[in-house]
Amino acid sequence: MAKTFGNFIAGEWAAPATGEYFENRNPARWNDLIGRFPDSDGRDVARAVRSAARAQPGWAATPAPARGDILRRVGDLLTEGKEVIARAMTREMGKVLTETRGDVQEGIDTAYYAASEGRRLFGRTVPSELRDKWAMSFRRPIGVAGLITPFNVPMAIPTWKMFPALVCGNPVILKPAEDTPHTATLLVETLLDAGLPAEVIQLVHGRGEIVGKAIVEHPGIPVISFTGSSDTGALVGATGGRMHKRVSLEMGGKNAQIVMNDADLDLALEGVLWGAFGTTGQRCTATSRLILQRKIHDRFLRMVCDAAERLRLGEGLDTKSDVGPLIHQAAREKIVRYVEAGKKEGASLESGGGIPRGERLSRGWFFRPTVFAGVRPGSRLEQEEIFGPLLSVIRVNDLAEAIRVNNDVRYGLSSSLYTSNLADAFRAMRELDNGITYLNAPTIGAEAHLPFGGVKQTGNGHREGGWPVYDFFSETKVVYVDYSGKLQRAQIDTEES
Ligand code: UN1
């Protein structure tokens, strides 16, 4: 009998108001039921907000270094539990164990960064333009933070949002993806074990269109951080705008790896395999376009296809597997539809393109690593975020054309350029229209202590990770202290001056 899990609201594990649950199954093996999780609704969100609001004054009054100390313990506990959490994550999400270990490691890195930030959270002191007057800024918490996170990086992405929000003094409500509720549960248990006051964290499981929507629309949640599709992000942003909320949106990508004639092709090959087929292509940073300069096009395409065919599909817990399944049936059906669209658009299917045969993989949502060549700039395959193991290859004449193709999409998360020409590298750094550019490295691999995010319809100007996220989760307060003993008027000319 599979376990029934609860929400974590008002300091205890609780059944949802609906009394309904949804099943969480292993995407590599449908008959493996992990557990039943709450199919919550707005009533659970409302209770969570009331509880978090109760916790807020006490948490805000806790010195930031002490808040950071709790996160250091979280980092220690995640380190101890890394293998157990990684295995649970692979079981519910599907990606291979090396990747789920990396996902937990990114949470650990984020915890230690946040812990040390508890001893910084810098404000500024600057000179006043007037005599005997002091001017400074410092940070205050905002209030209850609503965090809505996706399935593909089920530990790191919640920690990117949650740990800075907590260090800045805000209680949090987490709504994890309905595909990865178990990893979120393990994260919340870890925070509680580390000594976080219980009502400072609330976990509400359920569907985006019900629980996510209720969080976005609740007037008691002034700050929202969302990672997901650009379409849903637009709805979150619209509601946030109407309700004067602060909203951080991390959305789609259509990332390209560019390979120039002078590149180290073996290195570029390793990069594209990891970028395109790691996490089965289900990353916002996944390489979904490969832009090749004319002279190396045919040779490199062959190298990619040969290597893609050798990748071994399988359950993520099996150490021989390179590529796990897609997250669910609908995700796989979407890839099937894109393969059809690609063929209709006249692109040439060079490798993969179908569901693997054979008993071993028959109970999971597997799809073969797929490569299309001759993909036309502007076509659907070239423009739309696919979120699966499908790589579109485009041929170009020179760097200027490669940059144009890279930039000519609605998204702008990451890009990668393989070249040995220093001048080209610097030109591309400036002109590639993305939040992150990698030189001689794949489109994935962001580190926790640098800003993460993209331009255009990938984001709305905020960044996660690194230092800017601490600004997102705090209000800046400015204080002027006038100790001159007289009225001094800024900007007003006086007779003496
Ligand atoms: C995502 O693509 O959804 O850069 C986040 C990376 C990871 C984070 C990925 N550190 O690939």
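Me: Leu 439: buried, partly exposed or exposed?
Reply: Partly exposed, because its relative accessibility is 33%. Buried means under 20% relative accessible area, exposed means over 50%, and partly exposed is in between (1.4 Å probe, protein chains only). Keep in mind that this is a predicted model: local features need pLDDT of at least 70, side-chain atom pairs count only at pLDDT 80 or more, and totals for chains, interfaces and linings use all residues. Residues are numbered from 1 along each chain as its sequence is written, and side-chain values use heavy atoms, with hydrogens and water left out.

Me: Ok, and which strand is Leu 439 in?
Reply: Leu 439 is in strand β20 (residues 436–439). Helices (H or I, at least four residues) and strands (E, at least two) are DSSP runs, numbered from the N terminus.

Me: Which residues make the nonpolar surface patch?
Reply: Leu 422, Phe 426, Met 429 and Leu 439 make a patch of about 400 Å². Patches take residues with over 30% relative accessible area and no salt bridge, joining like charges within 9 Å and nonpolar side chains (Val, Leu, Ile, Met, Phe, Trp, Tyr) within 5 Å. A salt bridge here is a side-chain nitrogen of Lys or Arg within 4 Å of a carboxyl oxygen of Asp or Glu. The areas come from the Shrake-Rupley method with a 1.4 Å probe, and for residues only the protein chains shown count as cover.

Me: What gives the most to that patch?
Reply: Helix α13 (residues 422–431), with 3 residues.

Me: Switching to rings. How many aromatic pairs are there?
Reply: The structure has 8. Rings of Phe, Tyr and Trp (its six-membered ring) pair if their centres lie within 6.5 Å; planes under 30 degrees apart are stacked, over 60 edge-to-face, and the rest tilted.

Me: Why is the pair of Phe 151 and Phe 387 called edge-to-face?
Reply: Because the planes of Phe 151 and Phe 387 are at 80°, with the ring centres 6.0 Å apart. This pair links distant parts of the chain, 236 residues apart: Phe 151 is in the loop between β8 (145–148) and α4 (156–167), and Phe 387 is in the loop between α11 (380–383) and β17 (390–396). Phe 151 is buried, at 12% relative accessible area.

Me: What about Phe 472 and Phe 473?
Reply: They form an edge-to-face pair too, 4.9 Å centre to centre with 80° between the planes. Phe 472 is buried at 4%, and Phe 473 is buried at 1%.

Me: Where does the charged end of Lys 133 sit?
Reply: Over the ring of Tyr 480, 4.7 Å from its centre. The cut-off is NZ of Lys or CZ of Arg within 6 Å of the ring centre and within 35 degrees of the ring normal. Arg 283 lies over the face of Trp 274, at 5.9 Å from the ring centre.

Me: Back to β17. How many of its residues are buried?
Reply: 6 of its 7, so mostly covered.

Me: Which way do β14 and β17 run, parallel or antiparallel?
Reply: Parallel, with 5 bridges joining β14 (residues 287–293) to β17. Two strands pair if DSSP finds at least two bridges between them. Ile 291 stands opposite Ile 394 in β17. Strand β16 (residues 370–373) also pairs with β17 in the parallel sense, over 3 bridges, and Val 371 has Leu 391 as its bridge partner there.

Me: And which way do the side chains of β9 point?
Reply: Val 172 and Leu 174 point one way from β9 (residues 172–175), Ile 173 and Lys 175 the other way, and all are buried.
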